[in-house]
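Colleague: Can you walk me through this one? I'd like the strand pairing, the cores and the charged pairs.

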Amino acid sequence: MFRRGVVFGVGCLLPLASALAEEPVLVLVTNGHSPPVSTSHSPDRFMQTSHQLSVPDPGLSSIEDWSYRVPAVQPSRLGAGTGSDIMIRGFSSGGRLLLDGMLDNQHYFVRDPATIESIEIIKGHNSVLYGSGAPGGSLNYRLAKPHFEHRRTVWAGAGDYGTYQAGLDIESPVTNRYAFRNILSWQASKGWKANTEDQGLAWLTSHAWQPGDRTLLRFDWEFSRQTYPYDFDNVYANGSPVYGSSYVHPASRADRHYHRLELFAEQQLTDRDQLEFSLRHIRGRRDERQIGFYYMINDQLPLMGFDQQVDDRFRQTTGRIQYARILSFGSLKAGFDWHQTDNAYDNRRQIAGFWLDIYNPDMSFAPGDPATYQRRPGGHDWREQALFIKQDVQVSQRLTLAAGWRRSRYRLNSWLDPVYRTSAQGLHDSLAVGLAYQLSPSTRLLGSYSQSWLPNAGTDRNGEGFDSSRGEQLELGINTELGRGKSLNLSLFNIVQSDVLVRDPDDPAYRMTAGAKQVRGLELTLHYPLTRQLDLSLSAGLLDAVLSRTGDAYEGNDFPGVPKRTASLILDYRPVTDVQLQASVLYQGKRPGDRANGFYVDAFTRLDLAASWQLSRDTRLMASIENVTDEQYVNYVAAADFVRFGAPRNLMLGLRHHW
């Protein structure tokens, strides 16, 4: 569906004991031979839990494909399929994904997995490190870069729903001082949902030069074209999700072009001192026709029609200057960040020009002429500048401390037509502290506290702007190595966010603040090789997410779309050196569908299978079946007409060759 706007203390953790007694804990698994997910707690991240995910094959189509494999992480919604987003510890990131520690493209963009080497999920957003963001956590892509190695890779794949993929990755050191890397990736699909055909192209060229032993310079240019149309979500009506219906008109289309230019410089001043500089500029344009439905009045009436022509231009500039020094007792980092986003659109829109039956939408009608529709110009500009400092201290052989501070100055202006104009600006101070205590050679205790803030863009139905939301996370954890490749990680956390945006029940076209949101949770991962050939890892997420201080009938209700339990189990088997087999069982508990908790979507369990065969030293054959049992399930819900379904069974075959 289309919409509209942008969307303590240790005592707080004690109620988890009763929750654990009532809710059985389920678990997630990773592969021990070549782990797709690993867990760490680094002073660089103030001892917060973080997960590192390898991206071994370009056949991965989106972050949603692997998000279920991480505890307390699940797909979210951004732009009805036209953008990437995930929910971490009950909070949607709102598309504020990172690339090498700075904001990636913030405008209806899906990053091609071929352009990244790994992915990091940091649990609990830390505004000291990354500026504004949702309190649940951050996702950080690590960009593919030259490594001064000779590597050439070509791949191709095909699958269900008319899916085809192909790509080329060439890296070469021209001299011992200069190297380049070129990645070209293409994919096309008819889509499992009617009228959602897509073709995507990504081209990344990266050049690295070392003019001296202490200097590194890098230049990147990336082009991306994406054509997946706005797919309007799905609905929940008369007591169940409406599977099998698509509300996308055949005349819907999309054409999004983006260019990213980046400069990076690193200078080793002395053996202990280093200076870094990064500058990123992104420019894009969207040309779309969105024809579907606006929202559901109730489940007894047809869906109100929506037709919009989009002409949207976007610019983003992000930079950082950072100084780092290694001290005899730790390390120090300090620097200056800045970010600027400008977006202007001139759209034409028609509402209620047609109506769609919920169960049998008739798409045979001819759409109207957008030139006759209401004109809706608008846009926003966002500015943020910040000073930050961070220090790690090795107090003793057993105790490590980390602390940081950031002062951010921001300004957000947004407008729609000449009528609605809002402006917000202010200063935010953010703090973060962490500690690690080595209890024994194999066991470490961890603790962290972090603050976050996030501007609330847009206006309410009275044309008034919103205050920024603020978040706080307290986390306690333990890591222990059990010997012979076995490890256990356990984390308890409490997150509170104030001034949360939710949909206005009196006018669904607008948002309102609803007091606060509190999430208490537990995460567990257990890595356990069973034999030399068979490896198993387990992990679990248990969440208790509630609305508080709302001052209305919803106070104390569960927050929409957040499951109490998330789980996954992955078994990895290597019968011989050249063959790898993997089975994944992914689980999400039932979730409330709205703030009133008036309905719940069912829990689901999904089975995925994958196999890889090394045909020769340089060639590998891959096969996968996602959703083997063809389960119908909801992977995101925020309201009865804000429902997204998981993909049906999907078979993919691929070949990868190095030379």
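Colleague: Which residue in strand 5 stands opposite M87?
Modeller: S92 does. Strand 4 (residues 86–88) and strand 5 run antiparallel, joined by two bridges. Strands here are DSSP E runs of at least two residues, numbered from the N terminus. Pairing takes at least two DSSP bridges between two strands.

Colleague: What sheet is that part of, and what's the strand order?
Modeller: An open sheet of three strands, order 3-4-5, paired antiparallel. Strand 3 (73–75) and strand 5 (91–92) are the edges, each pairing on one side only.

Colleague: Ground rules before we go on?
Modeller: This is a predicted model: local features need pLDDT of at least 70, side-chain atom pairs count only at pLDDT 80 or more, and totals for chains, interfaces and linings use all residues. Residues are numbered from 1 along each chain as its sequence is written, and side-chain values use heavy atoms, with hydrogens and water left out.

Colleague: Cores next. Which residues touch the most other members of the largest nonpolar core?
Modeller: V235, Y247, F293, L303, L356 and I358, out of 20 residues. A nonpolar core is a set of buried Ala, Val, Leu, Ile, Met, Phe, Trp, Tyr and Cys residues joined through side-chain atoms within 4.5 Å. Buried means under 20% relative accessible area, exposed over 50%, partly exposed in between (1.4 Å probe, protein chains only).

Colleague: Which elements give two or more residues to this core?
Modeller: Strand 18 (273–293), strand 19 (303–327) and strand 20 (330–356). Strand 19 gives the most, three residues.

Colleague: What does I358 touch?
Modeller: Leaving out residues up to four places away in sequence, its contacts (heavy atoms within 4.5 Å) include V235, Y247, M296 and L303. Another core lies apart, with 19 residues, among them L53, V73, I121 and W155.

Colleague: Switching to charges. How many salt bridges are there in the whole structure?
Modeller: 45. The criterion is a side-chain nitrogen of Lys or Arg within 4 Å of a carboxyl oxygen of Asp or Glu. One of them joins D342 and R383, closest N and O atoms 3.1 Å apart. D342 is in strand 20 and R383 in strand 21 (residues 374–394), so the pair ties together parts 41 residues apart in sequence.

Colleague: Is D342 buried or exposed?
Modeller: Buried, at 16% relative accessibility. R383 is buried too, at 17%.

Colleague: And which residue does D381 bridge to?
Modeller: R411, at 3.4 Å between the closest N and O atoms. D381 is buried at 11%, while R411 is partly exposed at 33%.

Note on methods:
Helix = DSSP H or I, 4+ residues; strand = E, 2+ residues; numbered from the N terminus.
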